[in-house]
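Dear colleague,

I am handing over the structure below, followed by what was found in it. Please read the notes alongside the coordinates.

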Amino acid sequence: MTTLSPENSLSAMLSASFILVKRKPPIDKTEWDSFFDENGHLAKSRDFICVNILERGLHPFVRTEAWKFLTGYYSWQSSQDERLTVDSTRRKNYDALCQMYEKIQPLLENLHRNFTETRNHIAYDLQKLYNKDPLGNVLIDKKRLEKTLLLSYVCNNQAEYQRGFHEMVMLFQLMVEHDHETFWLFQFFLQKTEHSCVINIGVGKNLDMLNSLITFLDPVFAEHLKGKGAGAVQALFPWFCLCFQRAFKSFDDVWRLWEVLLTGKPCRNFQVLVAYSMLQMVREQALLESMSGDAILLACNKLIDLDADELISAACMVYAELIQKDVPQPLKNFFL
């Protein structure tokens, strides 16, 4: 086993320190614009911006542009003129994909049973999706959402459609104005987060690492989870599949966590530290009442209306605790 480097240790402690003081206001448009020079090149380092996003978050007015950098839609080294070219190229490529899809759709319907089944799953999920605000106003166009989901399914063979993608893509559609932006941001989000929300790629790895993290940091709870509480952790896969979307009280809280995941701060695979922090919320009750795996899962499912800043702070503190210890190599490789 090995400890993390002093530089990483210091960085983590600084990242975690924002929980000890009142959080500064999120980065607004004026401050965001100050990060760039007259040609639109970054005047601040990428690391500086990402640490500030971790500690403070983004104002809604800058979120769309900032996410284009965080996901890789824009290069951090690009100028304003280069970004205009990228936008135009992304739009043209999206239009070309739409045209291709329209041409091959009859073939897919006739020869690929999986396509028809997936389209039916998407239609069923969208039918159940509640898309109105508290005043009854329609939030999103379900037809546009269906088009994005089908195109993503056809074009991205790494991330087949899974239940919950419709809820995730809805948040991208709410954030941006154009369909090509929704499509590309979702694709880049999956790549940037290493497909951690995809069942057949990242979810199982997340659950395995969560188990390892509990064993390392909380052996008492780990022992209970291996005994009477068996099965609880493996049943928490919806947390990762939805990137914790249903745990929060508002869309802003979801975006707040997601943009932290995109920064890569304070570490890679921060989502597992988030899950660990949520599981700690039911730990005392689980041990006190000697809860079964099903009871622990039920308690976890009741974790709703959470505050993103509080959860991010808790997860940062877990990381600060982790790096002070002799960390097993598999955990070190996963988080760094």
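Asp179 is buried, because its relative accessible area is 19% and buried means under 20% (exposed is over 50%, partly exposed in between, with a 1.4 Å probe and protein chains only). The model is predicted, so local features need pLDDT of at least 70 and side-chain atom pairs count only at pLDDT 80 or more, while totals for chains, interfaces and linings use all residues. Residues are numbered from 1 along each chain as its sequence is written, and side-chain values use heavy atoms, with hydrogens and water left out.

Asp179 lies in helix α9, which covers residues 179-192; helices here are DSSP runs of H or I with at least four residues, and strands are runs of E with at least two, numbered from the N terminus. Apart from neighbours within four places in sequence, Asp179 is in contact with Tyr94 and Arg144, a contact being heavy atoms within 4.5 Å. With Arg144, the side chain of Asp179 also forms a polar contact of 2.7 Å, that is, a pair of N or O atoms within 3.5 Å, one able to donate a hydrogen and the other to accept it.

As for the whole protein, there are 17 helices and 0 strands, and buried residues account for 50% of its 336 residues. Of the contacts between residues at least 6 apart in sequence, 76% join residues at least 24 apart. The C-alpha trace spans about 60 × 50 × 45 Å along its principal axes.

With kind regards
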